[in-house]
Amino acid sequence: MMEFFSNNLAESLIVIGLIMLAVEIAILGFATFILFFVGVACVVTGALIYVDIIPDTLMSATLTVGLLTAIDALLLWKPLKNIQQKVDNKPAQSDLIGHSFILGHDVSATQNPYYHYSGVQWKLISAQPIAAGSMVKVIKADVGIFYVELSD
């Protein structure tokens, strides 16, 4: 196995780098950057060996991967961290919003009955009192809570 790796060092580094990049992006969701930096360094080192810019030896490959990993980290850490900090605070759309049903019990500030839907007991909350038998629709859904208002 080691002989195969040594005989095909450039190709092996490129494959290892691509695997690291795939794991970082697909499995870890770009949560850590370590595999990304090392993966990029492996791919670049493999390409440099392939075009004979650096010698085809394990020692030069190891040193180049280490050096390129450090350079990648220095150059890309801050921009990648800034991209990671951009969070969309917009609430997620839910199929539950807009669901209409007839109230079985009154809903008010002091009365918050439960409504069974899709296998879940939902606590009903409304800004204004709503009488039992009224058609309501869900305007917001939180964990175990439906915020309802009179349906048009």
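Where is the place of leucine 28? Leucine 28 sits in the loop between H2 and H3, with helices (H or I, at least four residues) and strands (E, at least two) taken as DSSP runs numbered from the N terminus. The model is predicted, so local features need pLDDT of at least 70 and side-chain atom pairs count only at pLDDT 80 or more, whereas totals for chains, interfaces and linings use all residues. Residues are numbered from 1 along each chain as its sequence is written, and side-chain values use heavy atoms, with hydrogens and water left out.

Leucine 28 has 36% relative accessibility and therefore counts as partly exposed; buried means under 20% relative accessible area, exposed over 50%, and partly exposed in between (1.4 Å probe, protein chains only). Leaving aside residues up to four places away in sequence, leucine 28 touches Val23 and Leu35, where contact means heavy atoms within 4.5 Å. Between the C-alpha atoms of leucine 28 and glycine 46 there are 24 Å, for a pair 18 residues apart along the chain.

Helix H4 comes next. Helix H4 covers residues 58–85, which makes 28 residues, and spans 38 Å from its first C-alpha to its last, close to the 40 Å expected at 1.5 Å a residue. The expected span is 1.5 Å times one less than the number of residues in the helix.

A polar atom of the serine 60 side chain lies 2.7 Å from the backbone oxygen of proline 55.

Turning to the strands, S1 (residues 100–102) pairs with S4 in the antiparallel sense over three bridges, and serine 100 stands opposite lysine 137 in S4. Strands pair if DSSP finds at least two bridges between them. S4 and S5 also run antiparallel, joined by six bridges, with valine 138 opposite valine 148 in S5. The hairpin of S4 and S5 has two residues between the strands, and glycine 144 there takes a positive phi near 75°.

How many salt bridges does a search of the whole structure find? The search finds two, a salt bridge being a side-chain nitrogen of Lys or Arg within 4 Å of a carboxyl oxygen of Asp or Glu. Side chains of opposite charge can pair when their charged atoms come close. Glutamate 149 forms one with lysine 137, with the closest N and O atoms 4.0 Å apart. Because glutamate 149 lies in strand S5 (residues 145–150) and lysine 137 in strand S4 (residues 135–142), this pair ties together parts that are twelve residues apart in sequence. Glutamate 149 is partly exposed at 28% relative accessibility, and lysine 137 is partly exposed at 23%. Aspartate 142 and lysine 140 also meet through their side chains in a salt bridge, at 4.0 Å from N to O. Here aspartate 142 counts as partly exposed at 33% relative accessibility, and lysine 140 as partly exposed at 43%.

Methods
A polar contact is a pair of N or O atoms within 3.5 Å; within protein, one must be able to donate a hydrogen and the other to accept it, and residues adjacent in sequence count only if both atoms are side-chain atoms.
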